[in-house]
Amino acid sequence: MVAISSPHFVVFPFMAQGHTIPLLYLARILRQHDVPVTVFTTPANSPSVRATLHDAGISIIELPFPADIDGIPQGVENTDKLPSMSLIFQFANATKLMQPQFEKALQDIKPVGCIISDAFLGWTQDTAAKLGIPRIGFYGMSSFATTLYFILGQERPHALTTSPDEPFSIPNFPKLSLTRNDFDPPFNELNPKGPWVDFMMEQNIAMAKSYSVIINSFYELEPSYTEYWNRCIGPKAWCLGPFAAAKPQVLLANESAKPNWMLWLDKKLQNGDSVLYVAFGTQAEVSQEQLLEIADGLEKSKANFLWVIRSKRLEISEGYEEKVKDRGMIVKEWVDQMEILRHKSIKGFLSHCGWNSVTEAICNGVPILAMPFMAEQHLNARLVSEEVGVGLRIMPSNGSVRGFVKAEEVEKRVKELMEGTKGEGVRKKMKEVGEAACGAIREGGSSWETLEHVIADVSNYHK
Ligand code: UDP
């Protein structure tokens, strides 16, 4: 355990749920290591940050979010509230205006040992350099995806392919033949251009100057990719996760305090029924047509399912909920996903494979049915189903890894996961991997020991 003189860590998450949640869990883990922590947020994000950290002994500082910027409505301080995701660059650029106040706040709470900040807040590297504090960056992806995206940009191993589904390999890279379709546009294009490319380039330059990189993964899950990053790319990557393991279980005093979905899951459990959890995160844009096809597939599978549909834009067909009411529940509000995955009735997770969702499934030993849509989700789906073997994959009908998925495919794979021998295989493997994940985060585990090392390193930096 670290001595009382441990350096003060500042944690600055980017304002999107999938970016903020893991860093808040990491803040909790830092406290378990007796490290003083301050988390930076903005007024509109503050209530949820405070709720997540209320019992953790962590200081929280609110910086005003810049107002009247480039079409971002007043009060929108989280990408999940943006009227369109095309405003993300304006949003990320707006955060740069927080720099003077951030620097002032850091002066007020000094000495600060280190700044852990999201990759999308590359400007925090300038602050860190100016104040002589090491910055540790956070991409929020697996080692596998972090490494692969970097290689794609730098070495362009896909440059000679003539179609998006043509396999290519990367010299000296562990296994797997990849296709351009495993990556998201525009990064998989032969000549990638545009605001995303410029934005990521800027953030990667800042990351290259950073002291190190933190990965929300554990060494045993993807050792060859972490080693590749450390050997060939850098700055040094430290696997400190899975962070979700630090989320305390919600203990509700009585039944009336439980949300409806929890009561529904409790009932299923009492009846000896198992349930498939279906959710596609906070960013993936599922088309209306695809949603209806998934609904059809779930109905035909005869599985019990709890489905979280967060997009207000999407409508399930009339009469559907009535038709599946004995075995299907649809929720249209924010749920506590970790609590769902912890529930003993949950036997499978039909997921878009956002990295947080994957790590949360791993922490709870719940096998995954991978249905990726965007960002690095396709790579995560390959890691889950082909590399680690803790999930099955739903494939589009066009023979490619991208495309429309038919109801029959959903039905078949759901049955396979919930009742089939392949499902049994990945469930067994997921149990082992889940136990390894919990072991990594416990005292003496790989993530625990690595964090002790990080803290000692930061202390030595200031000597
Ligand atoms: N989440 C949640 N409740 C919801 C929707 C999402 O708790 O109703 C959480 C989920 O547990 C995960 C995060 O939001 O921690 C989503 O991150 P992920 O990387 O899985 O997907 P993204 O939203 O970034 O695509």
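## Structural report on a predicted model

Strand β9 (residues 304-308) is largely enclosed by the rest of the structure, because 4 of its 5 residues are buried. The description that follows concerns a predicted model. The mean pLDDT of the protein is 94, and 99% of its residues reach 70 or more. For the complex, the predictor gives an ipTM of 1.00 and a pTM of 0.97.

**Strand β9 and its partners**

Strand β8 (residues 275-279) runs parallel to β9 and is joined to it by 5 bridges. Within this pairing, Val275 stands opposite Asn304 of β9. The chain passes from β8 to β9 by way of helix α10 (residues 288-301), and this β-α-β crossover is right-handed. Strand β9 also pairs with strand β10 (residues 328-331), again in the parallel sense, over 4 bridges. Here Val308 stands opposite Val331 in β10.

**Nonpolar core**

The largest nonpolar core contains 126 residues, and those with the most contacts inside it are Val11, Ala27, Tyr277 and Leu369. Helix α1 (residues 17-32) contributes the largest share of this core, 8 residues. Apart from its neighbours within four places in sequence, Ala27 is in contact with Val11, Val37, Val39, Leu53, Ala56 and Ile58.

**Ligand surroundings**

The ligand is surrounded by 19 residues, of which the closest are Gly18, Gly281, Gln337, Gly354 and Ser357. Helices α1, α12 (337-342) and α13 (355-363) each supply at least two residues of this shell. The largest share, 4 residues, comes from α13.

**Backbone features**

Arg156 counts as partly exposed, because it has 13 C-beta neighbours inside 10 Å. Pro242 is found in the loop between β7 (237-239) and α9 (260-270). Lys302 lies in the loop between α10 and β9, and α10 is the helix through which the chain crosses from β8 to β9. With 14 other C-beta atoms within 10 Å, Lys302 is partly exposed.

Terms used: Residues are numbered from 1 along each chain as its sequence is written. This is a predicted model: local features need pLDDT of at least 70, side-chain atom pairs count only at pLDDT 80 or more; totals for chains, interfaces and linings use all residues. A nonpolar core is a set of buried Ala, Val, Leu, Ile, Met, Phe, Trp, Tyr and Cys residues joined through C-beta atoms within 7 Å. A residue is buried if 20 or more other C-beta atoms lie within 10 Å of its own, exposed if 12 or fewer, and partly exposed in between; C-beta atoms are placed from the backbone. Two residues are in contact if their C-beta atoms, placed from the backbone, lie within 7 Å. pLDDT is the predictor's confidence in each residue, from 0 to 100. Two strands pair if DSSP finds at least two bridges between them. A crossover is right-handed if, with the strands pointing away from the viewer, the path from the first strand over the helix to the second runs clockwise. A residue is near a molecule or strand if its C-beta atom, placed from the backbone, lies within 6 Å of it.
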